[in-house]
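Please look over the sequence and the model below before reading on.

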Amino acid sequence: MVGTMASIMSSTVVNVAIPDMSQHFTLGQERAQWVTSGFMAAMTVSMLTTPWLLARYGYRATYSGCMWLLLVGGVAGGLANHYPLVLAARVAEGLAAGVVQPIPAIIILRAFEPSEQGRASGIFGMGVVLAPALGPSIGGILVDWFGWRSIFFMVVPFCLVSLWLARKLIPTTAPGGADANRAGAALDWRGLLLATAGTLCLLNGLVELQGGTPLVATTLLMSAVALLLVFIWLARRMLHAHRHAHGPEPLMNLSLFADRRFAMGSLVAFIYGVALFGSTYLLPVYMQMGLQLSPSVVGTVLLPSGLVLAISIAAVGRLADRQPTHRLVSIGLVLLAASFALMVTIRLEQATRIIPLLVIWAIVGRIGLGFILPSLNIGAMRGLGPAHIPQGASVINFLRMLGGAAGVSLCGIFLEWRLAAHGAPLDASPTTPARIAAFDETFLMLAGICALAVLAALRLRPPTPPVPPPPERQTGQA
């Protein structure tokens with residue numbers, strides 16, 4: 001939990017320092033934004049290497065190595081005098097954060113009995129959610145007092161504590177209790193390169209759709225699709241060779257998707273990433289550009305919902321041990337969809353109701369997240385064999401992050417389209433009902449995406465065991 005808090009804090013808190021950093025290095029907004037984009041791209045791709053690293057080096061060496069990399073990246077970024085060094089430090093932090101993200105789900109499924117896994121996941125989630133809730137607030141104070149460099153040093157105490165705890169608590173074995181095999185199968189480098197190139201093409205293509213040229217955007221997105229098809233072909237071929245000749249395992253084991261619960265859980269994770277990250281981008285823009293609220297008011301509005309999320313995760317974690325996954329995840333998605341759809345009830349002419357309604361609808365959405373977070377990973381992977389749990393955890397986290405990256409761009413593209421359709425650009429002032437209508441339509445789009453995810457969530461229901469035929473009656477002879 002401490003290590004994941006460090007990795008999440010390093011991903012979210014740097015956004016506070018981007019204006020000061022871009023001024024220090026005299027950068028444009030687009031180049032400065034690569035501090036965030038480079039981190040996200042590195043984190044998304046490196047998640048797929050976690051199963052191989054755990055099998056080859058074991059839990060403790062993999063985890064400690066990531067914490068050292070995060071620590072060095074934080075210190076190097078804080079001391080760097082050139083922007084390329086800052087960017088390299090952020091990429092290093094992203095690589096470490098990506099490998100760490102799937103490890104908690106693997107450990108929870110290994111270290112706890114099924115009757116305790118939900119509660120453990122809830123306690124873990126409560127701690128992790130506090131990092132993005134408190135990080136930007138602490139980061140803003142640090143930037144004001146000590147400058148942008150202090151942001152990079154925030155991860156240092158978390159990394160040092162997690163390294164000390166790792167020596168005391170984390171086993172040196174690989175998943176399953178076997179010894180780590182340093183001479184094991186090689187990493188699927190071709191799959192990793194294809195996944196990296198495909199992810200970069202997808203992310204840059206979506207960015208080009210927002211503010212670039214249609215030709216470049218189309219070329220990048222078509223390249224992403226082509227690389228995905230080659231990646232799937234290579235993974236299938238390697239899986240066949242691995243089964244028959246004990247060759248290296250592919251970066252993504254596609255046979256996992258044969259399990260219906262895992263396939264539906266992966267689909268829910270992707271759509272959930274779209275809705276979660278998309279709304280995280282959309283809500284502050286809506287409140288500042290649409291409702292003309294100040295940044296301090298926006299922070300005040302969102303703070304109660306962050307605290308409610310931490311409490312609801314812990315409470316639902318206990319329910320997850322007794323209630324079926326499909327029910328909890330479906331309830332969460334319905335609440336999330338409702339929180340987006342209810343945003344259309346906020347009207348400019350009812351000024352006294354704006355803040356209370358924003359707080360209430362944000363809390364409804366965060367309660368929905370509280371139902372989803374502790375349940376989804378565990379429920380999706382309960383049907384997998386023990387040997388496939390590391391692969392399953394890395395795939396679900398990868399798809400969630402990929403959905404998140406796509407969600408931010410999707411919201412931006414859809415919002416620009418609707419603003420243009422209503423003739424209400426964001427740079428015009430003051431705000432108008434037409435601009436609010438464009439935001440309302442974007443929120444309704446997110447609500448529709450969540451409603452679609454409910455259909456997949458209902459398929460997380462465990463398969464019903466076949467009913468045995470009634471015993472044949474014995475007829476005796478007279």
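The sections below describe this predicted model, moving from the whole chain to single residues.

## Overall shape

The secondary structure of the protein chain consists of 17 helices and 0 strands.

## Inside and outside

Of the 478 residues of the protein chain, 50% count as buried, while the accessible surface comes to about 22,200 Å², with 68% of that area belonging to carbon and sulfur atoms. Among contacts with a separation of 6 or more, 82% are made by residues 24 or more positions apart.

## Cysteines

A disulfide is a covalent bond between the sulfur atoms of two cysteines. The structure holds 0 disulfides. Cys 411 is accordingly in no disulfide, and the nearest cysteine sulfur, which belongs to Cys 450, is 10 Å away. Cys 411 counts as buried because its relative accessibility is 0%, under the 20% cut-off, and Cys 201 counts as buried too, with a relative accessibility of 16%.

## A nonpolar patch

On the surface, Leu 69, Val 91 and Leu 95 form a nonpolar patch that has about 200 Å² of accessible area together. Leu 95 lies in helix H5, which covers residues 83-100, and with a relative accessible area of 39% Leu 95 is partly exposed.

Conventions
Residues are numbered from 1 along each chain as its sequence is written. This is a predicted model: local features need pLDDT of at least 70, side-chain atom pairs count only at pLDDT 80 or more; totals for chains, interfaces and linings use all residues. Side-chain values use heavy atoms; hydrogens and water are left out. Patches are made of residues with over 30% relative accessible area and no salt bridge: like charges are joined within 9 Å, nonpolar side chains (Val, Leu, Ile, Met, Phe, Trp, Tyr) within 5 Å. Accessible areas come from the Shrake-Rupley method with a 1.4 Å probe; for residues, only the protein chains shown count as cover. A salt bridge is a side-chain nitrogen of Lys or Arg within 4 Å of a carboxyl oxygen of Asp or Glu. Helices (H or I, at least four residues) and strands (E, at least two) are DSSP runs, numbered from the N terminus. Buried means under 20% relative accessible area, exposed over 50%, partly exposed in between (1.4 Å probe, protein chains only). Contact means heavy atoms within 4.5 Å. A disulfide is a pair of cysteine sulfur atoms within 2.5 Å.
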